[in-house]
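Hi,

Here is the structure I promised to pass on to you. Have a look at it first, and then read my notes below.

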Amino acid sequence: MKTGSTFCALLLAIALLGMAPAVSMADHHEEVSNPDLKCLKCHSKNLKKKLEDGEKMSLRIEVEEFETSVHRVIGCTGCHRDVAKGKHPSKQPIASRRAYSLKHNQTCSQCHEAVHDAYKGSVHASMVEHGDVSAPICSDCHSAHAIQPRTVYEPVNGEPCSSCHTDINEAFAQSVHGLARSEGNLLRGDHVKAPSCADCHNAHDISAVTDTQYLVPTCINCHEVAELAHEQWLPNAAMHLKSVGCAACHSPQAELRVDLQLYDRLKQAPVRQNENNGTVQETLAAIDTNGDGLDPIELWKLIRQINDQEPDIDVTLLGRLEVTNSVDAHRLAASTEAVRSCENCHRSDAEPFQNVTVSMSRKDGRKESFKADRRVLNSAMSVDSVGGFYAPGGTRIKLLDWLLVLALLGGLAVPIGHIALGKALRKKQETDKK
Amino acid sequence: MTPSESTQGPNRQQPERVYLHAMPVRIWHWANALGFLVLIATGFQIRYVDLFSLMSFETAVHVHNWAGFAVIANWFLWFFYYISSDKITNYHADLDAGNFFKRYFHQIEYYSQGIFKGEKKPHDVNPHDKFNPMQKLTYQFVMFITAPITFFTGLMMWDVARFQGLINAVGGIRVVNTVHVLMFILFVFFILLHAYMGMLGPKPSSHYKEMFTGWEEPHD
């Protein structure tokens, strides 16, 4: 009934607007094409529609915003194709604001097919697919009616990404990249092209960080000499670039950890949570029965369990040294401030090795971590369960330390014992002679 | 008759002086000794950076890598010298295992008792058979098993990305590292014993001197 009264009010509003001379609207909004003026007669007013979820959705279009939109040229019916002369969807129920936006996500694809296809493979689309209502769709980033040209999406303030990733954007603004952008892309007096969000993460085909080798290739894309520069001083440079995130050294204040990611050797990809199983937390918590983090035996059992349950999988743990949170990953400093001391990580008591997590990719591709006991790196069982990760110092196996002590003691005990034996025998000989 | 048979037995006479170690062998031996000491010291520094501060970790890794390549090259010097000379008989396996182990235990008996009683050593040396059974088995194990395994695993860890396929094939980097460290432990034990056994000549310095001059002096 309320929908009916809203509709009546809408008709009345249209009738009243119709009485006003159309030319006055055209005078004010010369940019808006004539057929759109008919829509704006109503939709420039504070119309609202009651949705099925009880919310009220505004039907008002900000004319000034629409005039600056790149979609102005296609007009209202370019997207709202269900509107035609004598045909208006005002009576059609709308479940929720989100449902309406999702419906129009498909509308965008009718013209922007390639971009939409790219988006479909993104972590954002995957989140949408798995029912995450906070996951962005076209209109969340581009707005519904104030769609701006691409050049607008390269600002220092990080819009539109910053509206959700606020903390990250603040960290980025203070980073070497963010500062360069705010200073007109000048770095140490040289002109540079410092990246904005989309330069590293892409605009639409945004992958979950876990699936993109932690963006190392992306960094190298611009920092072409990075590999060569590291090879000049860093032993095993290629291995370091593969198993240490750039931010681990280039974000010197960041808190670090060792993350052991469940990785499928057959698919050469991170293991994703199985559709039939519970959450990552539930799966890992079922193994960690005492709730104090995965210990070496529990971790070994986890690997065995996954491999036994799923025949088409060959799971190992891919170890990586990385920043603990994504905010720190964006707090990149100038290269002169990067951590260069090997001891920072290769001491057995080094900070990153005190903080160990085991992670698995969620169904939407994002990584979820679970606390592990740091002994998982130093146990003899780690040779099997953490076979793909080794760092001098941090992953030292205690049993081998004891064997070394035994070898040293044995190497000293044999000569000492032999000399003592010689003395005892000579003494006995002398006693026997007497 | 093999060189081994020709020189063994209680009735054989130890020559006055025997030229046992040719120049290439002496060069190899001392270069190897130096190389292994450097590798062990830098290996300790790399593995126990929180316990030792002989040098920075970075320096230790670079020195360890260079010393490793030098020792590998030196192994080939040793290998090609022996394989191209008639002295390779020193490393020939004794096909009569029964006789070999009889002499092996005789040698153990000598080291545990006879040496203190002034008995004649059971193995007379000559340039083609200079190792007693204990030495022969140990050196065969060290030169043909322990050293090559250490070289291969060290090489794989020198450039993990380059040898990733091979590393995966043998079970992963942790397996490679564990084997390398086990070999390191064996070498630590071996070098301590080797240094001590080198003092069990007529005088504590005799065998050390031999490795510089090449000549084994007559025994009492």
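Let me start with a pair of strands in chain A: β5(A) and strand β6 (residues 269–270) run antiparallel and are joined by two bridges. Strands here are DSSP runs of E with at least two residues, helices are runs of H or I with at least four, and both are numbered from the N terminus. Two strands pair if DSSP finds at least two bridges between them. One bridge links Asp264(A) to Ala269(A) in β6(A). The two strands form a hairpin with four residues between them, and Gln268(A) in the turn has a positive phi of about 55 degrees.

Before going on, please note that this is a predicted model, where local features need pLDDT of at least 70 and side-chain atom pairs count only at pLDDT 80 or more, while totals for chains, interfaces and linings use all residues. Residues are numbered from 1 along each chain as its sequence is written, and chains are lettered from A and ligands numbered from 1 in the order in which they are written.

With strand β7 (residues 315–323) of chain A it pairs in the antiparallel sense over nine bridges, and with strand β8 (residues 356–361) of chain A it runs parallel, joined by four bridges. Gln261(A) has a bridge partner in each: Leu318(A) in β7(A) and Ser359(A) in β8(A).

Finally, the contact between the chains takes 35 residues from chain A and 29 from chain B (residues are in contact if their C-beta atoms, placed from the backbone, lie within 7 Å). On the chain B side, α7(B) gives the most, with twelve residues.

Enjoy exploring!

Key
Contact = placed C-beta atoms within 7 Å.
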